[in-house]
Amino acid sequence: MLLQQQRKRSRIVKMADSGVTDGNEKKGDIERAKNEGKELTKEEKQRLRKEKKQQKKSKEKKDDKAIQESGKETKGDSSAVSAPQPSTQSTAQKVPAPVSVPAPEAPTPAEKPPKSKAELKAERRARQEAERASKQSKKGDPGPQGAVSKSKAATNELQPVVKRLPEHIQVDNPDVLKKLAKKLERQQIPLRLDYGYKVSLFSHLHQYSRKAPLTQQLSIPSTVIHPAIVRLGLQYSQGIVAGSNARSIALLHAFKQVIRDYTTPPNEELSRDLVNRLKPYISFLNQCRPLSASMGNAIKYVKKEISNIPSQCKEEEAKRKLLFCIEWYIKEKIILAAKAIAESSIEKISDGDVILIYGCSSLVNHILCEALEKNRKFRVIVVDSRPRLEGREALRRLVQRGISCTYVLISAVSYILPEVSKVFLGAHALLANGYVMSRVGTSQIALVAKAFNVPVLVCCETYKFCERVQTDSFVSNELDDPDDLIVTRNGQTHLEHWQQEPPLGLLNLVYDVTPPDFVDLVITELGMIPCTSVPVVLRVKNVDQ
Amino acid sequence: MPGPDKETDLTERVEAFLSDLKRGGSGAGPLRGSAETARETTALLRKITAQARWSSAGDLMEIIRKEGRRMTAAQPSETTVGNMIRRVLKIIREEYARSRGSSEEADQQESLHKLLTSGGLSEENFRQHFAPLKANVIEAINELLTELEGTTDNISMQALEHIHSNEVIMTIGRSRTVEAFLRDAARKRKFHVIVAECAPFCQGHEMATNLSKAGIETTVIADAAIFAVMSRVNKVIIGTQTVLANGGLRAVNGTHTLALAAKHHSTPLIVCAPMFKLSPQFPNEEDTFHKFVSPHEVLPFTEGEILSKVNVHCPVFDYVPPELITLFISNIGGHAPSYIYRLMSELYHPEDHEL
């Protein structure tokens, strides 16, 4: 009876030890991978993450069981309860991943009461066997690992994507801020500080002041960041380059300059080193102004092209290839797409139309100018809003071309809408659940247009389609400089000293989301689609790539 | 002689008031609040009653109607002037009827018999002379003045019935009534207020600073962000310039958008309006947005040459249909928009709707 129990206990301890060494050995795997400098593939990363979770769970269960066990030890009964479990363990031991290893007896001898000689012997024996087993499993590890990764690859399509939350919507989490600060320090980029009192609803977002640009904190000459990128960052933060198309094109041009000036350091591969070079630039630009969805897609494309450069390619040829790829992207996704969209939209504009536009969208302006050249007779109403007043720029461009325009502020839109026959809106991004993310005020115009039964058409290129989903304007947004809201009227500036009055806050949102029931049609270069077909287009794009 | 001096003094007063109205209406927003206008109008009407020469109620009513037409023509968008005139006319009718002995209330119920038989009977009745009529009318006008002075307080007293703690309340522009309402509630409850600044005059800024001085947590947002923020708002409380006879509003521009956004999110829209803002006008295609101000506020002259090629509009008011409104809070309590027509028949006589 005693021998049986001992054997069972030893098996249990072996399981426990092997579980622990298994975990240790996985850690060794990770260290090895890191040291080699190889990037862990997606599957490996997921597997490692799962294993870490399992280890955490097993540690918790070990602690629980330790408490249970210490209680049971006092009672004198130990392995009877935990006996059925190790049998399941033995079958699962070969597969490294998902089965939990709830070690019934925690190998923390400090917690246990003094053991008998037999138990000590059993433990020693178990340890030896465990070391032998670990040596064996080291050899046999690539085998089961490969099998596991193959099975994982097969189910990749519908596997839940393990996403990391972007840092810019977790400002209220001090751990995330610390991580960001460390990362920026490593990349030698200054951290931009938040400014002013943030409205509590938006405490999870950054709020910067335009008067304190990031470039003031950079030393000259800065060896880490390319001067073209510094200039671009300054243009972003001061609002000189604004609008998603303009920002993407400026970014791609700056990247082209970076690639032209790049030389591969010795003992490095261009495909890996250039991507690593681009990372601090992207962090810097993100600090100057949070990246837009179009910029994000452009960066993904550039990184993919760089990493696809074969290693035997010479530097000159590789650079030429990359420059060509970027130029192709700009031409195809932005310029030609605009032409295609203009052609389809002109079918929707008839003579005698009164068209309402909001703010300054380069695409909508292009469409209207093209329609004028095709001799359509229409007039335009430009709606504008404080504090950005971008509509004035659109007004100037349209009036220069000779289009007859009317100009109102957004509060007068209920007055002017009975005259309007169509509303054309631009978009910053189209989200996967059909919501349109655009300049703040767009959803309001769509709402009032719906109330007056005026059709709303959104024009958007496909490179702005984004896989994120969002239902309100709070969770992910951009907060602009709150001082922009201050204005002087009749010689009085009421909000001048808003910082001194603690309960007063100013909110300057940049984007908002329009629900798909307000939008009647989305015009893209792939055709005219309803708002809800955005995930279909995304899927088609992913399959193509 | 005291007579002509009084008369010239009276006409001077009236002329001063008219020029004030003309000046005060144009420019960046009203220089005076509607409550002050109402009080001044009523005071002026009392003076007219006291000093003008009249022998019967009909004469007095003619004089007041004439002056009233001039006053409303001076500033058509200031409807409180017309409202007060109609109130005083109703007072005169009541006092006359009381002096005559018949109960005006019975006459008011327009029985079918009365409608069919008596046509212009009521008009002739105002020719009788009653000695104490003057004193009675002046006393009644004094009562009206006291009522006017207490309207804001009466409305603010109801604040705690409508605001609970930790609410987010939205408002637009600047309304003295709403400001008093919120400050009264803030003495006992803690809540958050979001103020839409209401371009181009940005009266919301002043409202926000006043509220924050009272210790209320306030946030100022641009007009464009109204829909974006509305999902977090529990109640919308606004003031208005006029309450129209169908229960709709003529309010500052941007209010219609706010009302539509509130309807979309099923947020209740509460209008704080004292009774002197209730006007017997119905909304009309032509005159619903009949007030515009200089477009310089919208597109300044510094924009240069494009100004000559562009039409710029700067309307001051918005029409809000009654379907979008949940509740009216006035100095006599809370009402639904569908009840407004009944209140109107209590305040004004139907023959006075056209001055």
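How many helices and strands are there in chain B? Chain B has 15 helices and eleven strands. Keep in mind that this is a predicted model.

**View 1. Chain B as a whole.** Of the 355 residues in this chain, 56% count as buried. Its accessible surface comes to about 15500 Å², and carbon and sulfur atoms make up 51% of that. Now take the contacts in chain B with a separation of 6 or more: 81% of them are between residues 24 or more positions apart.

**View 2. A cis peptide bond in chain B.** Find the loop between β2 (192-196) and α12 (203-213) of chain B, where P200(B) lies. The peptide bond from A199(B) to P200(B) is cis, with omega near 0°. C198(B) lies in the loop between β2 and α12 as well, and C198(B) has a positive phi of about 65° even though it isn't a glycine. Why does C198(B) count as buried? Its relative accessibility is 1%, and buried means under 20%. If you wonder why these details get a view of their own, most residues other than glycine have a negative phi, and most peptide bonds are trans.

**View 3. A cis peptide bond in chain A.** Here we look at the loop between β2 (378-384) and α14 (391-401) of chain A, which holds P387(A). A cis peptide bond joins R386(A) and P387(A), with omega at about -5°. L389(A) sits in the loop between β2 and α14 of chain A too, and L389(A) has a positive phi of about 55° without being a glycine. At 24% relative accessibility, L389(A) counts as partly exposed.

View 4. R439(A) belongs to strand β6 (residues 436-439) of chain A. Is R439(A) buried or exposed? It counts as buried, because its relative accessibility is 17% and the cut-off is under 20%. Leaving aside neighbours within four places in sequence, R439(A) is in contact with several residues, among them Y358(A), R388(A) and D512(A). E390(A) is one of these contacts too, and its side chain makes a polar contact of 2.9 Å with the side chain of R439(A). For a sense of scale, the C-alpha atoms of R439(A) and V275(A) are separated by 32 Å.

**View 5. The largest cavity.** There are six cavities of 30 Å³ or more, and the largest has a volume of about 130 Å³. Sixteen residues line the largest cavity, and S385(A), R386(A), P387(A), R388(A) and V440(A) lie nearest its centre. Sorted by class, its lining has nine nonpolar, two polar and five charged residues.

Conventions:
Residues numbered from 1 in each chain as written. Chains lettered and ligands numbered in written order. Predicted model: local features only at pLDDT ≥ 70, side-chain atom pairs only at ≥ 80, totals over all residues. Heavy atoms only, no water. 1 Å grid on protein atoms, 1.4 Å probe; cavity = no way out; pocket = protein on both sides within 12 Å on 5 of 7 lines; lining within 4 Å. Points joined across faces, edges and corners; volume = space filled by probe spheres on them. Nonpolar A, V, L, I, M, F, W, Y, C, P; charged D, E, K, R; others polar. Helix = DSSP H or I, 4+ residues; strand = E, 2+ residues; numbered from the N terminus. Buried < 20%, exposed > 50% of the residue type's maximum accessible area, 1.4 Å probe, protein only. Contact = heavy atoms within 4.5 Å. Areas by Shrake-Rupley, 256 points an atom, 1.4 Å probe, with all protein chains shown as cover. Polar contact = N/O pair within 3.5 Å; in protein donor to acceptor, adjacent residues only side chain to side chain.
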